[in-house]
Amino acid sequence: METTGRSTVTTEETTAGPAGGRLILAATPMGDIGDASRRLCAALASADVVAAEDTRRTRALAKALGVEITGRVVSFYDHVETARIPALLDDIEAGRTVLLVTDAGMPSVSDPGYRLVAACVERDLPLTCLPGPSAVTTALALSGLPVERFCFDGFPPRKSGARKQWLRALRTEQRACVFFEAPHRLADCLADAVEVLGPDRPAAVCRELTKTYEQVVRGTLGELAAWAVGGARGEITVVLAGAAPAEADPAALVDEVQALVDDGLRLKEACARVAEATGASRRELYDAVLAARAGR
């Protein structure tokens, strides 16, 4: 543990602990078996315990990879997650390696995992992650939208009223937003998005990523809502473009600039700082301050 003057920071070694046990989170293929990493194959073969969202799918994955699982396989899905954690922690403390995998993609990303990770952190047990496939980053890359900054919002609320309230929070969100949606709710979700965000916001609907029938449909929300009425199948990931920055009114920012000047900044420097933070024109902001001073 490292202590600074303002906060306490914990650091962690990701190698096995003194007894040899640790938790390994591993990403699994979303569709194409070729996306499985060599590290995943090695972990499946060597782990003492494999905690799997669906044990049948994990065994099928191992068979397809030509890997023999020699450790104990236990189920670890939403409804049993909390009950399974104490025994898995005991396994790690006893020196065993526990491998956590979900049906597809990365554990903890709208899948079981974070509670076990949090429990390991609480007990100061070693853990590490084998990186790999994720529908979130794959959809971002394929969307064709500006995604230098993004947020991930899991699944939208199922009911229209709550879903519209969730969408309202995205009206001014300037980061791209990625979310999952069930195929039978996609049309209603996009229709609500058109109502709340308008028909012109760019977006992309990505379905069956890395699978045989992978499809990415790009367009405005209005166009995508009309397309979705025909129905969509498979795993759905939606990428919504960020909102355009609101145009700042220079006159409304004069007091903010003046406050920085009062604190000792030169006028040009104060204007530059406020302009960078708000998107206002530096020149228009400078002129607005001079006009305000002349009108006093």
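At what angle do H7 and H8 pack, and how far apart are their axes? Hi everyone, let's take that question as our way in. One reminder before we go on: this is a predicted model.

So, the answer. Helices H7 and H8 pack at an angle of about 155°, and their axes are 8 Å apart. Angles over 145 degrees count as roughly antiparallel, and that makes H7 roughly antiparallel to H8. The crossing of H7 past H8 is left-handed. Sorted by class, that gives twelve nonpolar residues, one polar and no charged.

The largest nonpolar core has 23 residues, and Leu186 and Leu190 are the ones that touch the most other members. Which elements give two or more residues to this core? They are helix H6 (160-168), strand E9 (176-181), helix H7 (186-197), strand E10 (202-207), helix H8 (221-228) and strand E12 (236-240). H7 supplies the largest share, six residues. Apart from this core lies another one, made of 18 residues, including Val49, Ala51, Val98 and Leu125.

Let me stay with Leu190 for a moment. Leaving aside residues up to four places away in sequence, leucine 190 touches Val205, Leu221, Leu224, Ala225 and Ala228.

H10 passes H11 in a right-handed crossing. On the H10 side, the contact is made by Leu267, Lys268, Cys271, Ala272, Val274 and Ala275. On the H11 side, you will find Arg282, Leu285, Tyr286, Val289, Leu290 and Arg293. By class, this contact has nine nonpolar residues, no polar ones and three charged.

Lysine 63 sits in helix H2 (residues 55-65), and lysine 164 is in H6. Is lysine 164 buried or exposed? Its relative accessibility is 18%, and the cut-off for buried is under 20%, so lysine 164 counts as buried. Not counting residues up to four places away in sequence, lysine 164 touches Asp192, Glu195 and Val196. Lysine 63, on the other hand, has 70% relative accessibility and therefore counts as exposed. Lysine 63 and glutamate 53 are ten residues apart in sequence, and their C-alpha atoms are 17 Å apart in space.

Last stop, the loop between E10 and strand E11 (215-220), where we find glutamate 208. Glutamate 208 has a phi near 55°, a positive value in a residue other than glycine. Glutamate 208 is also buried, because its relative accessible area is 16%. Threonine 210 has its place in the loop between E10 and E11 too. Threonine 210 is not a glycine either, and its phi is positive, at about 70°.

How values were computed. Residues are numbered from 1 along each chain as its sequence is written. This is a predicted model: local features need pLDDT of at least 70, side-chain atom pairs count only at pLDDT 80 or more; totals for chains, interfaces and linings use all residues. Side-chain values use heavy atoms; hydrogens and water are left out. A nonpolar core is a set of buried Ala, Val, Leu, Ile, Met, Phe, Trp, Tyr and Cys residues joined through side-chain atoms within 4.5 Å. Buried means under 20% relative accessible area, exposed over 50%, partly exposed in between (1.4 Å probe, protein chains only). Helices (H or I, at least four residues) and strands (E, at least two) are DSSP runs, numbered from the N terminus. Contact means heavy atoms within 4.5 Å. A crossing is left-handed if the near helix is turned anticlockwise from the far one by less than a right angle, and right-handed if clockwise. Ala, Val, Leu, Ile, Met, Phe, Trp, Tyr, Cys and Pro count as nonpolar, Asp, Glu, Lys and Arg as charged, and the others, Gly among them, as polar. Axes are lines fitted to C-alpha atoms, for helices over the stretch in contact, and angles run from 0 to 180 degrees between N-to-C directions. Angles under 35 degrees count as roughly parallel, over 145 as roughly antiparallel, 65 to 115 as roughly perpendicular and the rest as oblique.
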